[in-house]
Amino acid sequence: RIFDSLNVNDPGFRRAVAGGLTTVNIMPGSGHLLSGQTVYCKLRKAHIIDDLFIRDADGKMMGGIKMANGTNSMRESPFPGTRGKSAALVRERFIKAQEYRDKIARAGSDPEKMPARDLGLEALVEVLEGKRVVHHHTHRADDIMTVLRLKEEFGFRVVLHHVSEGWMVADEIAKAKVPCSIILVDSPGGKLEAVNMVYQSGAVLEKAGVDVAYHTDDWITDCRVFMRSAALGVRAGMSREGALKALTLAGAKMLDLSDRVGSLEVGKDADFIVLDGDPLSVYSKVLQTYVEGQKVFDRSDPKDLLYAVGGYGAGDEEPPYMCCYDEK
């Protein structure tokens, strides 16, 4: 559970609101085939990390589960080493989750027949039941197709992340009705499996009928230049409407939060930003960020400006937010 690793005072949260982000999906890394449970957070002013959690109608914190394939997990033993074994291990784990689910169902209300509790399988059962979305790190076209096969085989809901070669298999992704959260990197270097990343990804996927969102993967793409990715997408052929949706409502839908965030409508959470220009202009700046109607970033405040532009102290942990705390 990633939330046990989070420090609410980390300056990354302040950089995020400086970039106009109000809602985030915080995930474990992609070094494992199955890295753990993600958590959806609102970037409110907070005293402890629990203050940021988004909860459902039953009070349960919301989140997905992080999975990955490709070169990240292809290391020496005990990692799988090959793409074939990676897929086989994932299948084995889902089959164990199916068996665990069925044992619980057969046990009914008899505690003596219940299997020993397994936290990992418990989370995967939620995936099998559609209660938890898989957020899947994947780059190459063949790896993307592996995810689509696993999705078809086990019936889980999935969002494809990164998809550097998604443009090569856009029709297959559209046919599977799987959304994509994509990233753009415009600097040299990076990993070999992302060598075919192109600015046109958003446009190609959009034209194929795929729901597209952009993400930051901070620090890979700094959250303070979040909107720049969509601007580059438009430059490469994506529609303006689709690009703006990719920054807002599309991502909200992928997190099952479109009834609360992603657009300005009566009854939603009043999350919005104030800009000094066109949102798809690289010259525009975020002036203010509001979460649930409360201002959480103001560029005119020197303390907030520091996180927006950097400088001495911008990497320091944020002092605790307390109603009566007098910062010295």
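Me: In this predicted model, which backbone nitrogen lies 2.6 Å from a polar atom of the side chain of Asp 271?

Reply: The backbone nitrogen of Glu 292 lies at that distance from the side chain of Asp 271. Asp 271 itself belongs to the loop that runs between helix H9 (249-254) and strand E9 (272-275).

Me: How should I decide whether Asp 271 is buried or exposed?

Reply: A residue counts as buried when its relative accessible area is under 20%. Asp 271 has 14% relative accessibility, and therefore it counts as buried. Once neighbours within four places in sequence are set aside, Asp 271 is in contact with residues including Thr 22, Thr 23, Lys 42, Tyr 290 and Glu 292.

Me: Which residues does Asn 25 touch, leaving out those up to four places away in sequence?

Reply: Asn 25, which is found in strand E1 (residues 23-26), touches Thr 38, Val 39, Tyr 40, His 135, His 161 and Leu 255. With Thr 38 there is also a polar contact from side chain to side chain, at 2.9 Å. Sequence separation and distance in space can be read side by side for Asn 25 and Asp 217, which are 192 residues apart in sequence and 10.0 Å apart in space, C-alpha to C-alpha.

Me: How do I read the packing of helix H2 against helix H4?

Reply: Angles under 35 degrees count as roughly parallel. The axes of H2 (residues 83-107) and H4 (residues 141-154) come within 11 Å and cross at roughly 20 degrees, so H2 is roughly parallel to H4. The crossing of these two helices is right-handed, and the residues that make the contact include Ala 87, Val 90 and Phe 94 of H2 together with Thr 146, Leu 150 and Phe 154 of H4.

Me: At what angle does H2 pack with helix H3?

Reply: H2 and H3 (residues 119-128) pack at about 90 degrees, with their axes 9 Å apart, and H2 is therefore roughly perpendicular to H3. Among the residues making this contact are Phe 94, Ala 97 and Tyr 100 of H2, and Leu 121, Leu 124 and Leu 128 of H3.

Me: Which residues touch the most other members of the largest nonpolar core?

Reply: That core has 71 residues, and the ones touching the most other members are Phe 94, Phe 156, Leu 160, Ile 173, Cys 180, Leu 205 and Tyr 214. Leu 205, for example, is in contact with residues including Val 163, Ala 170, Ile 173, Cys 180 and Val 212, apart from its neighbours within four places in sequence. Another core, of 12 residues, lies apart from the largest one, and Met 62, Ala 250, Leu 257 and Val 261 are among its members.

Methods:
Residues numbered from 1 in each chain as written. Predicted model: local features only at pLDDT ≥ 70, side-chain atom pairs only at ≥ 80, totals over all residues. Heavy atoms only, no water. Helix = DSSP H or I, 4+ residues; strand = E, 2+ residues; numbered from the N terminus. Buried < 20%, exposed > 50% of the residue type's maximum accessible area, 1.4 Å probe, protein only. Polar contact = N/O pair within 3.5 Å; in protein donor to acceptor, adjacent residues only side chain to side chain. Contact = heavy atoms within 4.5 Å. Core = buried A, V, L, I, M, F, W, Y, C linked by side-chain atoms within 4.5 Å. Axes fitted to C-alpha atoms, helices over the stretch in contact; angles between N-to-C directions. Parallel < 35°, antiparallel > 145°, perpendicular 65-115°, else oblique. Left-handed = near helix turned anticlockwise from the far one by under 90°.
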